[in-house]
Amino acid sequence: VSQSRYAHSDRGDMSIVVILPCRGRKEQTLDVVQRLLATSGLQHLHDWKLVLVSGSDDADVVEYVSSQTGVYGIVDSQPRLSYWEALQVATEAYQATLYACVANDVLPCINWLVVARQKFYEMYSDGLGMVGFNGDGHHESHSCHFLISASLLHQFGGWPVWYHHNFGDTEIVTRARQMGRYVKSHWAILFHDHPWISAKKDDDVYNQGRSQADQDQKLFLMRKATGWTS
């Protein structure tokens, strides 16, 4: 699979790589990226790097936002990537100690990343674990977006590309909880700004993501019942 990369300077390995899969919403993505950079509490390209990823259908989003903000971008030759496929592409391209998955519908609060990093190292002296971001409306037992160690992600076989869109986060959190390697940080906040919160309808991107939710749920239940081997 061929890829095009958009970057300014590559420092090689990075302690934290934050990955943002891109699908549509060009101006919204630009706004989110600017907010993520402004509020992380860490120095971008020194302590962490932000990587945008898309398939060729959304190359314009990655190219535009990367050119405006100086963040890294990858455009895969496949027309479309699922959320989990995009995360896997970026993880294979950029080595890191910790990875964070975000989306173009989050509103970051101040110090969202530095607080999560601090929580991670407070909880996991051996560097194996994950920290869930708050702000998604779920309780302690789940997080839609999170910071996870490369070592734990490797134990899970990488990002769960076997899901269309839904339940990949549920599998990762569930497996980490089973190992005692999951905690949710109250003050590392990425507010999940879904349209229904303001009584708006889902756009095409949301509809595409939910189009196979039932199948994703069945797959999750089957994998959980078989010890994550099916």
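This is a predicted model: local features need pLDDT of at least 70, side-chain atom pairs count only at pLDDT 80 or more; totals for chains, interfaces and linings use all residues.
Is V61 buried or exposed? Its relative accessibility comes out at 2%, and because buried means under 20%, V61 counts as buried.

As for what surrounds it, if we set aside the neighbours within four places in sequence, V61 is in contact with C22, G24, K26 and T29. R23 lies 38 residues away from V61 in sequence, and yet the C-alpha to C-alpha separation of the two is 7.6 Å.

Stepping back to the whole protein, the secondary structure amounts to 8 helices and 9 strands, and of the 230 residues, 51% are buried. If we take the contacts between residues at least 6 apart in sequence, 73% of them join residues at least 24 apart. The accessible surface is about 10600 Å², with 50% of it belonging to carbon and sulfur atoms.

The largest nonpolar core holds 35 residues, and V53, M130, I148 and W159 are the ones with the most contacts inside it. Helix α3, residues 83–93, supplies the largest share of this core, namely 7 residues. There is also a second, separate core, of 33 residues, with V102, W112, F120 and V131 included in it.

Technical notes: Residues are numbered from 1 along each chain as its sequence is written. Side-chain values use heavy atoms; hydrogens and water are left out. Helices (H or I, at least four residues) and strands (E, at least two) are DSSP runs, numbered from the N terminus. Buried means under 20% relative accessible area, exposed over 50%, partly exposed in between (1.4 Å probe, protein chains only). Contact means heavy atoms within 4.5 Å. Accessible areas come from the Shrake-Rupley method with a 1.4 Å probe; for residues, only the protein chains shown count as cover. A nonpolar core is a set of buried Ala, Val, Leu, Ile, Met, Phe, Trp, Tyr and Cys residues joined through side-chain atoms within 4.5 Å.
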